[in-house]
Every structure is written in C-alpha cells, then in structure tokens.
Amino acid sequence: TIAYEQFQLQKATFNFLETSNQAVSYEIEDNIISVYNNDFKMVFNKLEGRLKEYIYKGKNLIKTGPEVNFWRAPVDNDYGAKTQNKYREWKDAPKAAKMTTAIKQVSKGEIELRFSRDMFGGDAQVSETYNINGQGVVKVTNDLKALKGNHSNLYKFGNKFVLPEAYKNITFYGKGPFEAYADRQHAAKVGLYKQTIVQQYFPYIRPQETGNKLEVRWVELTQEDGSGLKFLGEQPFNFSALNYSEEDLDSGEERSQKHAGELDGRNEVFVNIDGYQQGLGSINSWGRLPMDQYLLPYKDYIYSYWMIPFKLVK
C-alpha cells in the first residue's frame with residue numbers, strides 16, 4: 001500500500017434510546033443511595049459521589065466508577081514542557097472539592113441523581129448527572145463551569161472506572177486499530193474493531209499515557225460469557241481500557257527512569273471515557289507546549305454518554 005484515505009459519505013444519525021416503561025425506585029440509608037427494580041440495582045456512595053455497585057440480573061458489572069477525572073499520566077512531551085507541574089492543580093481537584101447531592105423521581109421509569117462539586121474555592125463547579133431508567137440504562141452527563149479565577153490548562157475532562165478482571169474483550173466503532181490522540185490520529189481510520197484488553201497497552205520505553213481511542217461512537221467491553229457494558233455517545237468520545245492504573249503509568253512531578261517492561265499488569269481493568277483530551281505535543285515535540293488547537297484551556301465543557309448493561313452481545 002502506497003497511500004490511503006477515508007471520506008465521510010454522510011453524517012450518522014444518533015438513535016436515542018426509548019423511554020422505559022419499567023418502574024424504577026430509590027432509597028437513601030445513611031450515606032448510601034440505591035436505585036433499583038427487579039432487574040438491576042445501582043449503589044452510590046454520597047460522600048464519594050461515586051457508583052460503587054452496578055448489579056444487573058444478579059451480576060455486578062463494575063468495581064467502581066464513573067469518577068470525574070482531569071488527569072492523565074504525563075507523556076514524555078509533557079515532561080519536556082513541564083505541564084506535569086503546571087497542570088497539577090487538576091490532579092486531585094474533584095476529591096478535594098465540596099460536594100452536594102440531589103436526587104429526584106423524574107417519572108415512574110426514570111431517576112435523576114446529581115453530584116455537584118465546587119472546586120478551587122468556588123472558582124469552578126463540576127456536576128455529574130445520572131439519568132437512570134427502568135432497564136438499567138444510564139445517561140451520564142458531565143458539566144464543567146469555569147465561574148471565575150485564573151487556572152491552568154487541563155489534560156482531559158472525563159470519567160474513570162475500574163472493572164473486574166473478567167473483562168477481556170473490546171469491540172468499538174471509532175478511529176483505530178491503534179491508539180490515537182488529537183494531534184496524532186491521521187493514520188487511524190474509523191472502523192469496527194475487535195480487540196483484547198491486553199492489546200491496548202503500548203510498551204513505550206518509559207511508562208506513560210497510552211491506549212487512547214479517538215472519535216469513538218460506541219464501545220462494548222465484555223467478559224468471556226458475553227456479558228458486559230456498552231458505552232454510546234451522542235457525540236464521539238475518547239476511551240481507553242488497560243490493565244494498568246493511572247498511578248502505574250505516572251512518574252510524578254519528575255520524570256523517572258522506569259522501563260515499561262518492569263511493570264506487571266493488574267487483574268482489574270482501568271477504563272477512561274473522556275469527552276476531551278489535550279494533544280500529546282507530537283507536532284512540535286518537547287520543550288514547547290502543543291499547538292493551541294490541541295490545548296484544553298480553563299473554560300466551560302459539557303459532554304454525555306449512555307452506559308448500557310447487557311448479558312449477551314447480539
């Protein structure tokens with residue numbers, strides 16, 4: 001092959017999920033919120049603002065998540081530009097934020113749960129809203145409002161999950177088959193790809209951010225018995241799924257001399273569903289920031305996606 005290109009013939013139409021007629025209820029006991037019916041149960045921790053259990057037809061599909069996240073493991077170009085220090089205020093910002101919780105019964109077949117966090121002493125607010133229907137389908141909406149103050153750029157705006165080790169396979173429709181980022185994507189083409197979790201990690205000489213898929217319309221993560229979760233976006237999103245945690249790949253404030261081969265993969269699967277991610281600095285390399293169109297400045301962002309449980313992949 002000497003050259004190739006891909007052209008969009010027509011825009012896709014997003015098929016919104018129909019409203020469920022199945023009833024769904026909720027109850028609050030101390031710091032635990034449970035949303036449930038006969039088919040599923042979702043358990044949230046009010047103090048953490050996090051989903052702790054997602055039980056569908058008797059099987060727990062997650063370990064934890066989704067959790068608001070603005071950080072990635074810095075890449076070599078990040079260390080060259082020192083963004084690992086310049087952007088550090090975002091690393092644990094959601095955990096340090098003051099949080100409020102609101103829940104309401106929208107209809108017989110829908111519950112709305114919202115966690116709102118005031119960050120940087122009220123300079124910014126981030127909210128994570130769950131609209132849960134009677135089929136156990138969840139729409140997750142993330143909304144960042146930059147209200148005042150001056151703050152650094154951010155690496156990303158998204159959610160991170162931890163899934164059980166039983167998840168082994170991925171099917172996605174987006175840019176692939178290899179990883180892609182805002183300023184490193186032209187060789188990746190939109191298609192339907194089937195891969196394994198193990199294949200997602202690229203062993204750069206030094207551990208760093210890796211495995212992101214760009215412009216993803218939907219992705220299914222499945223266990224060997226075919227059960228799993230499907231993520232579906234109204235707009236294309238980023239996703240990654242690795243047997244390495246963010247901490248495994250992050251050298252910290254100074255670049256360490258670890259080697260990728262020294263890392264042992266974990267049993268759990270660490271998943272990121274991101275609406276936005278900054279470029280890698282691949283165009284003008286380290287020592288300078290990436291080009292302006294690939295930066296994420298401190299401003300308002302919003303994105304949403306659907307999380308759908310299933311027993312069998314059709």
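**Confidence.** This is a predicted model, so I checked the scores before anything else. The protein chain averages a pLDDT of 92, and 94% of the residues score at least 70. Among the elements, I found the lowest mean pLDDT, 90, in helix H1 (residues 76-81). Strand E16 (residues 269-277) has the highest, at 98.

**Overall build.** I looked up the secondary structure and got four helices and 17 strands for the protein chain. The radius of gyration is 19 Å, close to the 20 Å that the globule rule gives for 314 residues, so the chain is as compact as a globular protein of that length. Along the principal axes, the C-alpha atoms fill a box of roughly 55 × 50 × 40 Å.

How much of the chain is buried? Of the 314 residues, 55% count as buried. I also looked at contacts between residues at least 6 apart in sequence, and 67% of them join residues at least 24 apart. The accessible surface comes to about 15400 Å², with 49% of that belonging to carbon and sulfur atoms.

**Strand E11.** Next I picked out strand E11, residues 156-163, and found it mostly covered: eight of its eight residues are buried. In a regular strand the side chains alternate between the two faces of the sheet, and I wanted to see who points where. Lys-156, Gly-158, Lys-160 and Val-162 point one way from E11. Phe-157, Asn-159, Phe-161 and Leu-163 point the other way. Both sets are buried, the two lysines Lys-156 and Lys-160 included.

Which strands does E11 join? Strand E6 (residues 64-69) runs antiparallel to E11, and four bridges join them. There I noted Val-68 standing opposite Asn-159 in E11. E16 also runs antiparallel to E11, this time with eight bridges. In that pairing Gly-158 stands opposite Asp-274 in E16.

Most residues other than glycine have a negative phi, and most peptide bonds are trans. I went looking for exceptions.

- Gly-65 and Pro-66 are joined by a cis peptide bond, with omega about -10 degrees. Pro-66 lies in strand E6.
- A cis bond also runs from Gly-176 to Pro-177, where omega is near 5 degrees. I found Pro-177 in the loop between strand E12 (167-176) and strand E13 (189-196).
- Lys-57 is not a glycine, yet its phi is positive, near 50 degrees. Lys-57 lies in the loop between strand E4 (50-56) and strand E5 (59-60). At 48% relative accessibility, Lys-57 counts as partly exposed.
- Lys-82 also has a positive phi without being a glycine, at about 65 degrees. Lys-82 is in the loop between H1 and helix H2 (83-86). Is Lys-82 buried or exposed? It counts as exposed, because its relative accessibility is 52% and the cut-off is over 50%.

**Aromatic rings.** I counted the ring pairs and got 19 aromatic pairs. One of them is Trp-71 with Tyr-155, an edge-to-face pair at 4.9 Å centre to centre with 65 degrees between the planes. This pair links distant parts of the chain, 84 residues apart. Trp-71 is in the loop between E6 and H1, while Tyr-155 is in the loop between strand E10 (138-146) and E11. I checked their cover too: Trp-71 is buried at 0% relative accessible area, and Tyr-155 is buried at 1%.

I then checked Tyr-276 and Tyr-303. Their ring centres are 6.3 Å apart and their planes at 90 degrees, so this pair is edge-to-face. Tyr-276 in strand E16 and Tyr-303 in strand E17 (residues 301-310) are 27 residues apart, and the pair links distant parts of the chain. Tyr-276 counts as partly exposed, at 25% relative accessibility, whereas Tyr-303 is buried, at 9%.

Last entry: which residues do ring pairs link into a cluster? The cluster holds Phe-70, Trp-90, Phe-120, Phe-157, Phe-161, Phe-231, Tyr-276, Tyr-298, Tyr-301, Tyr-303 and Tyr-305. I had already written down Phe-157 and Phe-161 as buried residues pointing one way from E11.

Technical notes:
Residues are numbered from 1 along each chain as its sequence is written. This is a predicted model: local features need pLDDT of at least 70, side-chain atom pairs count only at pLDDT 80 or more; totals for chains, interfaces and linings use all residues. Side-chain values use heavy atoms; hydrogens and water are left out. pLDDT is the predictor's confidence in each residue, from 0 to 100. Buried means under 20% relative accessible area, exposed over 50%, partly exposed in between (1.4 Å probe, protein chains only). Two strands pair if DSSP finds at least two bridges between them. The radius of gyration is taken over C-alpha atoms; the globule rule is 2.2 Å times the number of residues to the power 0.38. Contact means heavy atoms within 4.5 Å. Accessible areas come from the Shrake-Rupley method with a 1.4 Å probe; for residues, only the protein chains shown count as cover. Rings of Phe, Tyr and Trp (its six-membered ring) pair if their centres lie within 6.5 Å; planes under 30 degrees apart count as stacked, over 60 as edge-to-face and the rest as tilted.
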